[in-house]
Amino acid sequence: MRPDPVALDELLQLAQAKGAHYADIRLTNRRMEALALRNGDVENAGSTMEQGFGVRAMVDGAWGFAGTARMDPAAWRVAVGEAVAIARASARQPRPGGTALAPEPTHVGSYHTSVRRDPFAVSWEDRSELLRDACARMRQAPGVHLAQAMMSMWRENKHFVSTEGSRIEQEITEAGAGVTALARGYGDVQRRSFSDFGTAGYEFIEGLDLPGRAATLGRRPSNC
């Protein structure tokens, strides 16, 4: 979710109008998708979304905080009012020396993970095909009775604004995958696995060469 910068500025102004001499807002949205196969069959597939709004306010040297998981301006305005009210109530308790913010310059900028292929744009069918191929490669080896393959991807959007003029936006994308082979034979049971995750797009998963890794995992060492 990309919030309207004007709306966030209005919320900061609301905090000041209610008596805060400093306020900042954090807005976070986190999306995750995961897929796991067991012997070529889908064992787990899911998608989750987590989001939240938080506001800090300072009144007479005391902090107040409030937050909500609701993503609508009406709920945000309520949270701003609560944060200021909590700060004002906290200020009634005297603190030796008070609380003051350290000098900090204004920060304005943005960062986005370099992504060549959006992992969330890759179809579930294509993801399943890659993992199914990896499972098949592992099961070709004698003795392998359990082959598992999985992949996960995350994207987190963060926005920060403050009454001091700071405006920071981040979009972090992560992706990764792994394979596991379980084999029985010669009076022994062995489990081998490989996984890796990185801050990148689907190209990171493609670069892992899961089918090739899977074929290696399934082989019995030459000295056995």
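# Notebook: rings, cores and a pocket

I started with Trp 63, which is partly exposed at a relative accessible area of 31% (buried is under 20%, exposed over 50%, partly exposed in between, with a 1.4 Å probe and protein chains only). A note to keep in mind: this is a predicted model, where local features need pLDDT of at least 70 and side-chain atom pairs count only at pLDDT 80 or more, while totals for chains, interfaces and linings use all residues. Residues are numbered from 1 along each chain as its sequence is written, and side-chain values use heavy atoms, with hydrogens and water left out.

**Entry: ring partners**

How many aromatic pairs does a search of the whole structure find? I got three (rings of Phe, Tyr and Trp, the last by its six-membered ring, with centres within 6.5 Å; planes under 30 degrees apart are stacked, over 60 edge-to-face, the rest tilted). Tyr 22 and Trp 63 are edge-to-face, because their ring centres are 5.9 Å apart and their planes stand at 90°. Tyr 22 sits in strand 1 and Trp 63 in strand 3 (residues 62-68), so this pair ties together parts 41 residues apart in sequence (helices, H or I of at least four residues, and strands, E of at least two, are DSSP runs numbered from the N terminus). I also checked Tyr 22, which is buried at 7% relative accessible area.

Next I found Phe 53 and Trp 76 stacked, 5.0 Å centre to centre with 10° between the planes. Phe 53 belongs to strand 2 (residues 41-59) and Trp 76 to helix 2 (residues 73-90), so the pair joins parts 23 residues apart in sequence. Both partners turned out to be buried: Phe 53 has 4% relative accessibility, and Trp 76 has 3%.

**Entry: the cores**

I then turned to the largest nonpolar core, which has 25 residues; Leu 131, Met 138, Met 151, Val 179, Ile 205 and Leu 210 touch the most other members (a core joins buried Ala, Val, Leu, Ile, Met, Phe, Trp, Tyr and Cys through side-chain atoms within 4.5 Å). Elements that supply at least two residues each include strand 1 (22-38), helix 3 (124-139) and strand 6. Strand 5 gives the most, with five.

What does Met 151 touch, leaving out residues up to four places away in sequence? My list includes Glu 33, Leu 35, Arg 127, Leu 131, Tyr 202 and Ile 205 (contact means heavy atoms within 4.5 Å). Apart from this core I noted another, of 21 residues, among them Leu 12, Leu 27, Ala 79 and Val 84.

**Entry: the second largest pocket**

Its lining has 13 residues, with Pro 5, Leu 8, His 159, Val 161 and Glu 169 nearest the centre. Helix 1 (5-17), strand 4 (108-112), strand 5 (144-162) and strand 6 (167-185) each give two or more of the lining residues. (On a 1 Å grid over the protein atoms alone, a pocket is an open set of points where a 1.4 Å probe fits, with protein on both sides within 12 Å along at least five of seven lines; lining residues have an atom within 4 Å of a point.)

**Entry: loops**

Asn 39, in the loop between strand 1 and strand 2, has a positive phi of about 55° although it is not a glycine. Asp 60, in the loop between strand 2 and strand 3, has a positive phi of about 50°. Which is exposed and which partly exposed? Asn 39 is partly exposed at 22%, whereas Asp 60 is exposed at 66%.
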